[in-house]
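Please examine the sequence and the three-dimensional structure shown below. The paragraphs that follow lead through selected parts of the structure in turn.

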Amino acid sequence: MKVKMLQNIAGFALMLALMTSCGGDQNGSSGPLGGGSAAQKTYVAPGELDEFYAFLSGGFSGQVSVYGLPSGRLFKVIPVFSVDAEKAYGFNEETKPMLETSHGFLPWDDSHHPELSQTDGVPDGRWLFINGNNTPRIARIDLTTFETVEIIELPNSGGNHSSPFTTENTEYVVAGTRFGVPVPQQDMGIDEYAGKFKGALSYVKVADDGRMDIAFQILMPGFNYDLAHSGKGLSHGWTFFSSYNTEESNTLLEVEASKNDKDFIAAINWKVAEQYIADGNYEEMNSSYLRNFYDEETQMATSEKMEKVKVLKPEDCPGLVYFLPCPKSPHGVDVDPTGEYIVGNGKLSADLTVHSFTKMLAAIEQEDFVDEKYGIPVLNFDATLAGIVKSTGLGPLHTEFDDKGNAYTTFFITSEVIKWKVGTWEVLDRAPCYYSVGHLMVPGGDSRKPWGKYMLALNKITKDRYLPTGPEVNQSAQLFDISGDKMELILDFPTVGEPHYAQAIPAELIMENSKQFYKLEENHHPHAIKSEEDIKVVREGNVVRIYMTSIRSHFAPDNIEGIKVGDEVYFHVTNLEQDYDVPHGFAVMGARNSELLIMPGQTETLLWRPQYPGVIPFYCSDFCSALHQEMQGYIRVSAQNSNPELKWSVGTDE
Ligand code: CUK
Ligand code: CUA
């Protein structure tokens with residue numbers, strides 16, 4: 001039995017290999033690109049602006065990259081879960097606390113799903129959320145500054161994958177655990193998994209100013225919760241989580257977790273959850289987690305340790321959770337713009353299963369249950385089924401929607417996107433992707449109001465698509481024009497890291513609010529100085545603080561003496577510029593962190609530990625003016641047991 005199953009897997013792998021290695025002659029010039037019209041559609045002339053901002057997750061890079069559509073031009077990489085020496089993120093004293101967790105300082109994570117904040121179910125351009133998958137966290141990026149301003153940890157979880165999907169008015173972002181784990185964590189047998197491990201689904205409340213906090217967790221059976229989407233319109237108030245490994249296996253999941261013909265989509269009524277919480281019907285669990293917040297006023301991040309979470313147990317909370325059976329280990333679960341249809345992407349099948357929200361409510365009303373799992377009612381599959389998309393593709397993963405009642409689903413194994421009609425379930429078109437497409441994205445395509453002009457396919461494999469760059473070839477995005485009946489491939493560009501999901505929004509919803517510089521008078525950094533008159537060097541024991549300014553094209557002070565080996569030297573550098581796009585850098589020889597890249601009006605701090613007596617240069621690392629190369633200085637280091645006078649200066653006296 002076991003051997004046969006392994007053979008099946010081997011066959012599956014072979015098929016996959018065949019699928020992903022074909023198509024070498026599908027080059028842009030002779031392939032599906034119909035000559036010049038594609039070029040015209042993506043050409044954004046020099047000086048012109050793109051129509052959409054697109055935010056692509058970096059996967060194992062831990063970051064978010066910002067592209068323009070339709071040009072595919074890369075504008076920025078926003079550091080989120082991984083340190084970034086270019087921007088000093090995680091290296092300067094201001095942002096180090098952003099990467100603190102209950103496990104200590106973590107310089108890396110795996111980020112999968114960017115999600116824009118929404119108002120009335122429409123992306124509003126305020127914030128972008130993204131999950132940290134490895135050490136469960138959610139980050140919030142402020143879209144006025146394009147900087148990560150908050151990261152919250154999720155306790156009782158292991159692998160924060162079904163996250164951070166938002167509700168219609170950004171009441172919550174949700175976070176489901178991918179791995180079942182002991183809750184609370186404890187030393188126990190791995191083979192005790194079934195029945196004992198749990199899967200926490202977290203509801204993270206988002207306040208009006210964006211601040212996040214865990215409102216409650218639902219302690220589900222230890223299935224693997226893969227993806228999620230919240231209801232909208234008529235299904236507002238619900239969230240749907242896909243699951244696999246309802247077999248609750250702890251080994252060789254490729255076989256063991258593929259045994260059940262159907263896994264579940266968990267339908268959570270979060271309004272009911274709110275009621276249980278309001279009525280005090282919850283347990284309070286000791287679970288510590290960190291909440292890190294970057295305060296734009298003080299320009300400092302701080303970490304706050306939280307100690308408790310409110311926990312709901314489905315078996316004690318009737319009406320809170322129902323299971324919708326869904327064939328073949330569903331990966332993505334996607335809700336159409338009306339909120340009526342819930343699409344389960346059963347990744348081991350050819351078909352898509354679509355559930356009806358209205359039918360689901362009726363089935364709940366009639367208690368049309370076929371089973372119960374750990375106290376959670378399992379709904380009758382036929383009672384909630386709205387339709388099946390007979391795609392003839394293989395390996396459906398994710399679905400997005402346009403504004404004309406169409407849906408677009410990626411098929412990993414057959415490496416294609418299939419367009420189908422919501423309601424009639426008929427397949428309208430199919431387009432190959434090069435190769436092995438994972439997620440896809442239509443601007444607003446998981447909201448109530450898709451903009452529906454483009455579709456971006458996010459591919460895992462690109463061998464033979466680009467010039468080879470050694471064993472690692474970058475992942476790719478392929479842009480399709482979906483304004484006509486047929487999907488038309490119009491652009492193919494490499495990505496930063498592995499993009500899982502992406503989001504896009506019309507440029508005008510963001511660009512007008514984009515900050516150009518920080519006002520010096522609003523800088524309340526504890527170590528800021530506002531003019532060169534205030535420069536100083538202060539020693540307290542072996543801690544030396546250098547209060548420094550930068551302006552085109554010098555630092556003040558630029559000569560510093562009286563530092564000793566063994567000191568902890570903090571360079572607090574304030575950029576006095578008050579113009580758009582005039583950052584200054586700061587780098588000192590032998591620094592074991594990174595440069596600083598200081599925006600106009602901002603203060604940043606570099607910690608440096610001098611190792612030996614000498615005269616050490618420092619300089620500006622961002623070409624800021626014609627005299628950028630002159631923007632430099634020296635710091636003199638004396639022996640540890642010496643007693644040098646602390647001195648600083650800029651310019652000569654005469
Ligand atoms: S997952 Cu990557 S293809 Cu992490 Cu959203 Cu589906
Ligand atoms: Cu300042 Cu270069």
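A salt bridge is defined here as a side-chain nitrogen of Lys or Arg within 4 Å of a carboxyl oxygen of Asp or Glu. The model is a predicted one, in which local features need pLDDT of at least 70 and side-chain atom pairs count only at pLDDT 80 or more, whereas totals for chains, interfaces and linings use all residues. Residues are numbered from 1 along each chain as its sequence is written, chains are lettered from A and ligands numbered from 1 in the order in which they are written, and side-chain values use heavy atoms, with hydrogens and water left out.

E283 belongs to strand β17 (residues 283-295) and K313 to the loop between β18 and β19 (321-327), so the pair ties together parts that are 30 residues apart in sequence. Helices (H or I, at least four residues) and strands (E, at least two) are DSSP runs, numbered from the N terminus. E283 is partly exposed, with a relative accessible area of 39%, and K313 is partly exposed at 25%. In these terms, buried means under 20% relative accessible area, exposed means over 50%, and partly exposed lies in between (1.4 Å probe, protein chains only).

A second salt bridge joins the side chains of R636 and E561 at 2.9 Å, N to O. Here R636 lies in strand β44 (residues 632-638) and E561 in strand β38 (residues 559-564), so this pair ties together parts that are 75 residues apart in sequence. R636 is partly exposed, with a relative accessible area of 41%, and E561 is partly exposed at 26%. Elsewhere, K41, D481 and E488 are joined into one network by salt bridges that share partners.

Attention now turns to helix α5. In this helix (residues 270-278), W270, A273, Y276 and I277 are buried. Seen down the axis of α5, the buried residues fall within an arc of 105°, so they line one face of the helix; the arc is that of the directions from the helix axis to the C-beta atoms. An α-helix has 3.6 residues a turn, so residues three or four places apart point the same way. The cover over the buried residues of α5 includes β11 (172-177), β13 (212-221) and β18 (300-312), where contact means heavy atoms within 4.5 Å. Just after α5, G280 takes a positive phi of about 80°.

Which domains does the chain contain? The domain assignment gives domain 1 (52-511) and domain 2 (520-649), with bounds that come from an automatic or database domain assignment. The contact takes 14 residues from domain 1 and 17 residues from domain 2. The C-alpha centres of domain 1 and domain 2 lie 43 Å apart. Between them, domain 1 and domain 2 bury about 1,200 Å², 48% of it on carbon and sulfur atoms; buried area is the accessible area (1.4 Å probe) that two parts lose on being put together, summed over both. Across the interface of domain 1 and domain 2, the rule finds zero salt bridges.
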